[in-house]
Amino acid sequence: LSLALYAGSLCAASGAAFLYHDYCVIGAGPSGLQVAYFLQQAGRDYIVFERSHAPGSFFALYPRHRKLISINKQYTGKSNSEFNLRHDWNSLLSHDRRLLFRHYSRDFFPNADAMVHYLEDFASLLKLQVQYNTAIIHVTLERDEQAWNGHYFLLTDQDRQNYKCSSLLVATGTWVPNVVNFPGSEYVEGYETVSINPEDFAGQTVLILGRGNSAFETAENILGVTNFIHMVSRSRVRLSWATHYVGDLRAINNGLLDTYQLKSLDGLLEGDLEDLAIVKDKKGKLHITLRFYLENRNTSAGIDSITLPQDELDNFATRAPYDRVIRCLGWKFDFSIYNRSLRLMPGKGNNKKYPQIKPSYESRGTRGLFILGTASHSVDFRKSAGGFIHGFRYTTRAVHRLLENRHHGVPWPSTVYPITQLTNSIIKRVNEASGLYQMFSVLADIILLRENATAFEYLEEYPVGVLAELETQTGRRAPNGLFVIIMEYGRNFSGADKDVFYYNRAVGEAQHAWQSNFLHPVIYYYKHLPTEREMKLRPPDWLLPRPDAVHHIVEDFLTDWTAPNAHILPLRRFLENCLSTDLRNFFAESCFFFAFTRQKLPPFCQQGYVGMQGLLGSEGLRRHAVEAGLLEDYTPRDFSGDKTPDSREGSQDQLLRDHVIPVRPLQHLVNAKDE
C-alpha cells in the first residue's frame, strides 16, 4: 500500500510539472503576436513563449543597417481603412486604430527601431499573454486518444519547466544564418556581426557572398568608401520589379548595379560558393581560388605553393586580393529543438530553409502543428508575400479560422446576400480588400451559390491551395457550385529575365482582359467543388484546376476596377452566362411590364419590385429620371389655365403615395431603360 501511494504521488507530481494550455505559440515576433491577438479575441486558452525580454527581438538586430524595405505609405487619397492596408506593409491586424504603423513612423522606409517599439505596444496595449525570457529548447509528442489531434505537444524551456498543449503554433521565423563551408571559410565575416561603420572599410577591397537584400544593403552602406566591391552568388540578380516578388532585390538597395554597369570598378559574378576556396597570404590579403586547386595540397604550406586560377588564366576575374570577405546569405529555420517524433522536415530545393507544410500551413508530418509567419513562406516562396508582415498577417488569420472550425465548431465567417448583389459584392471586394491584394495567387474569396442561384454565401480570404477541402475546413456547404475570386499577374510577365517596361505592356480593352499583365482580378466558376484528385493533377503553373468558366477583369492603371463599360458590364455578363439569369437592376416600370410579358421575372424584380421594395418616389427622383430619358414626362400640361379632363389635384408625390399610375399604352413601356 505504501509503495502504491508513493508511486501515485510521483505520478501526481509528474502531472503537476506540466503547465497546460490549449494553444502554445513559440515566438513573439509579428506572426506570434498576430495569432495571439486572434486567439485572445476568440477567448481561447493560449500562451506565447518568447526567448527574449521583449517582442520582436529579430528586429532589434536586423536589418543591420536599420532601414526596413517594407513600405509605410502615409497617404493614398482614400479614407477606406481596408484599402489603405494595401499600402501599409507593417501594421498588424487589430481593432485598435492606435496600432497602425503610420503612428510610429512617417518614413516611407521606416527604421527598424520603430518596428521594435510598435511590437512592444501591440503586445502591451492589447494585453496579450506573452511569457518572456522563456526559450523553448525541446518539443516532443505524447500520444493520447483523448487529445484534439490524437496527441499532446510537450515543451521544455531552458529552466526545465514543462508545458503541455493541444495545438502548437510555431512563429519563430527564420533566424539561423545560412553558412557555406569551404576551405578558408574561417576568414569570412558574417552579416550578423560585421561592422556597420563605413569608416572601417575605407580604402579596402571587399568581396560579398550573396545577392539578396542583405548583401546589397551591406554594399550600399560602404559603396562610397571602398576601393571596389565584388559580389558573388550562384544565381543571377533578381530585381523585384521584374519578378513582382518583394523579397527580391529592391530599388532602395541597388546602387551597386549602377556602379557595375557604368564601369565604376564594382562588379557582380556568378558561381557556386561551395566550389570556392580562400587562401590568406602573409600580408593578410585574401585570395580567391577554386576548391579543386587545393585538393591533395597542404594549405598551411603557404600561398606560394598553392596554384591560383590566375596562374593558368591571367585574366581571372577575382585575381585581385581582397581585404575582407563578408557572408550575406540570409537565414533558415531552426529545426534543432524538435524531436524526431514530430517529423518536422526541411523542404526540398529552394525551400530547404523552410519546414515542409501543407497549403493549410499545417505540418505534413504532424497534425495540429502549424507554421506561421516567415517560416511558412514555402507555400508561396517567390510567388506572393507570405514571408512578410503584409502577407502573413492574413495567412495567420486564415489559420486561426481553420482552428476555430476544427476545434470549436465555429464555421468560417460568411455573409449571405440575395443574388442581385453578386456583381456589387465582387466589385466591392476587388477594389478594397487588402488580403486578396497582398496575398495574390494564394488567398481567394469564395462565393457559394444557394439552390436555384437565388442567393449566395460570401467567404473571404480562404487559402486556395486547400479548395478541395473547403467543406471540411470551413464548415460551409457547396452543393450548388461556386465562384473563386483571386488576384493574379499575367502568366508571362514575372521573371528575372523579363523586360517589364516594354512598349505596349498594358492592356486596356475589356475583350483582351485575359492578356492583362499587371495585377488584376480573375473569377473562376465551378459547377462542383474541385476534388483532391483534380487539385493534384492540375498543371504545375496553374493555381486551380480547369474551371467551367473563367473571367479576367482587365488590368487598370489606377487599380480601380469600377469603370461601367470596361469592368462592371463584362463581369455582369459573365456572371449571367454562368447562372443563366439576368442580374440587371430595373426601374419599377420595367418590372411591371415584365410581370405581364414574361414567364419568369429577373431576380431584381422578383426580390425587389414583387416584394414591395425599392426607392420611395419623390419629385426630385422623378425629375432626374425624366431628364435622363429613363421615364416619360407625366406632368400635366397647362392649357390656358384650364385643367385637363383627367388631371388630378395634388403633387406628383401625392400621386405616388396614392399609387395612382397614369394610363399609357404598354408598347411605350418597352422603351423604359434599366440602370
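**The whole chain**

Begin with the entire protein chain displayed as a cartoon; the model is a predicted one. The secondary structure comprises 20 helices and 22 strands. Of the 675 residues in the protein chain, 50% are buried. For contacts between residues at least 6 apart in sequence, 66% join residues at least 24 apart.

**Helix α6**

Next, select residues 213-222, which form helix α6. How many of the ten residues of this helix are buried? Eight of them are, and α6 is accordingly described as mostly covered. Show side chains for N213, S214, A215, F216, E217, T218, A219 and I222, the buried residues of α6.

- the strands β9 (205-209) and β10 (228-233), which are part of the cover;
- helix α8 (255-261), also included in the cover;
- the strands β11 (267-270) and β14 (324-327), likewise among the covering elements.

**The pair α2 and α10**

Now hide that region and select residues 30-41, helix α2, together with residues 389-408, helix α10. The two helices pack at an angle of about 35°, and their axes are 9 Å apart. Viewed as a crossing, α2 and α10 are right-handed.

Display the side chains at the contact. From α2, select P30, S31, Q34, V35, F38 and L39; from α10, select I389, F392, R393, T396, R397 and H400, which they meet. By class, this contact of α2 with α10 holds six nonpolar, four polar and two charged residues. The spacing of the selected positions may be read with the helical repeat in mind: an α-helix has 3.6 residues a turn, so residues three or four places apart point the same way.

**The disulfide**

Finally, select C591 and C605 and show their sulfur atoms. A disulfide joins these two cysteines, with an S to S distance of 2.0 Å; a search of the whole structure finds one disulfide. C591 belongs to helix α16 (residues 588-597) and C605 to helix α17 (residues 603-609), so the bond ties together parts that are 14 residues apart in sequence.

Is the disulfide left-handed or right-handed? The torsion about the S-S bond is about -75°, so the disulfide is left-handed. Both partners are covered: C591 is buried at a relative accessible area of 1%, and C605 is buried at 0%.

Two further cysteines may be selected to end the tour. C24 is buried, with a relative accessible area of 0%, and C328 is buried, with 2%.

Technical notes. Residues are numbered from 1 along each chain as its sequence is written. This is a predicted model: local features need pLDDT of at least 70, side-chain atom pairs count only at pLDDT 80 or more; totals for chains, interfaces and linings use all residues. Side-chain values use heavy atoms; hydrogens and water are left out. Helices (H or I, at least four residues) and strands (E, at least two) are DSSP runs, numbered from the N terminus. Buried means under 20% relative accessible area, exposed over 50%, partly exposed in between (1.4 Å probe, protein chains only). Contact means heavy atoms within 4.5 Å. Axes are lines fitted to C-alpha atoms, for helices over the stretch in contact, and angles run from 0 to 180 degrees between N-to-C directions. A crossing is left-handed if the near helix is turned anticlockwise from the far one by less than a right angle, and right-handed if clockwise. Ala, Val, Leu, Ile, Met, Phe, Trp, Tyr, Cys and Pro count as nonpolar, Asp, Glu, Lys and Arg as charged, and the others, Gly among them, as polar. A disulfide is a pair of cysteine sulfur atoms within 2.5 Å.
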